[in-house]
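Hi everyone, thanks for coming. Could you bring the model up on the screen, please?

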Amino acid sequence: MTYCKPLDSLRTFAVFAVLISHWLDNRFFVLFPWGSSGVNLFFVLSGYLITSGLIENKLSIENGKLSFGNYFKQFFLKRSLRIFPIYYLTIAIGFIVGLPPIKEIIFWLLTYSSNIYFFSGGNLKYFAHFWSLAVEEQFYLVWPFLVLFVSRSLLKWAIGLVILLSLSTKVYFYWEGFNWMANSYSTLTCMHLFGLGAFLALLKQEHPKICNAFSNPLLVWVTIFMYAAFFTLQTFFKWDSIKVIFDDFLFGICSFFIISVASENKFRGLSRAILENPVVVRIGKISYGMYIVHLFIPSFCCYRDWE
């Protein structure tokens, strides 16, 4: 897969959206869901990048250039080397210094299942943001098998089914009175976001002309305007059910078009200059580390405690 600077830059915007949510006084930023939007962009981007790489490796298997074993070895080894060191180092340091409540949640952190503990009512405190890392890891455990073992002709239907199942689960959770955290932090209710990114990756591989049509900067602004209108209306009229079920998905649609345009490097003017700025690109490259440590910084600066 060809490296694309603007995609790294999107990580910068995603991580800074999360920082705004967690670091700054929410009274000044309550009009927009910064934190969830940043995480949602991460998820759609992850679905796109992971699926793009897996499809390329699947084609290598079909062409006899890669074995089944190396398909999984390459994927899991690459993910492990990138993700595990700083993740487990952070947990180890937290355990050594006794950062609460690490002793109570150590099992959930070590097994990448903190999202389950979180939406079940547990308090992760300083490790609250680790829920999204758990969701990502659970996605990694399933997705390579789906991409490999579902035929290319059926893969688009399988991805569509995943998106539909995820949204249906959100409806069911809301209808049955599950708490909002279950609707936001469970892997199944997040899968529609990964699915949107995966669908874009498949379009780019199988239907480049359609993908090229989607890579129109105008569509980015149209979908952002539509999401802003929806967000304003549901906030004003208090459409709680619609917000819980569809807010993430609609922002995921915006992310779909943003990534589509960025991946083809079709942004122009100031947008392109920002996305190709070396500093912005560099921050995107280290955004994973920034995300892991960011929630500890306010407490260490002695001005905010995470209860």
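Phe84 and Tyr88 sit four residues apart in helix H3, which means that about one helical turn separates them. Helices here are DSSP runs of H or I with at least four residues, numbered from the N terminus. Please keep in mind that this is a predicted model: local features need pLDDT of at least 70, side-chain atom pairs count only at pLDDT 80 or more, and totals for chains, interfaces and linings use all residues. Residues are numbered from 1 along each chain as its sequence is written, and side-chain values use heavy atoms, leaving out hydrogens and water.

So how open are these two side chains? Phe84 counts as partly exposed because its relative accessibility is 27%, and Tyr88 counts as partly exposed at 29%. For the cut-offs, buried is under 20% relative accessible area, exposed is over 50%, and partly exposed is in between, using a 1.4 Å probe and protein chains only.

Now the helix itself. H3 bends by about 40 degrees at Phe84, and Pro85 follows within four residues. That bend is the angle between axes fitted to the seven residues ending there and the seven starting there. Just after H3, Gly98 takes a positive phi of about 75 degrees.

Which residues of H3 are buried? Among them are Tyr71, Phe72, Arg79, Ile83 and Tyr87. Their cover includes helix H2 (34–62), helix H4 (102–110), helix H6 (130–149) and helix H15 (287–293). Contact, by the way, means heavy atoms within 4.5 Å.

Two arginines are worth a look. Arg79 lies over the face of Tyr140, at 5.6 Å from the ring centre, and Arg82 lies over the face of Tyr288, at 5.3 Å. To count, NZ of Lys or CZ of Arg must be within 6 Å of the ring centre and within 35 degrees of the ring normal.

Finally, ring pairs. The structure holds 35 aromatic pairs. Phe43 and Trp131 make an edge-to-face one, 6.1 Å centre to centre with 90 degrees between the planes. Phe43 lies in helix H2 and Trp131 in helix H6, so this pair ties together parts 88 residues apart in sequence. Both Phe43 and Trp131 are buried. Rings of Phe, Tyr and Trp (its six-membered ring) pair if their centres lie within 6.5 Å; planes under 30 degrees apart are stacked, over 60 edge-to-face, and the rest tilted.

Notes: Helix = DSSP H or I, 4+ residues; strand = E, 2+ residues; numbered from the N terminus.
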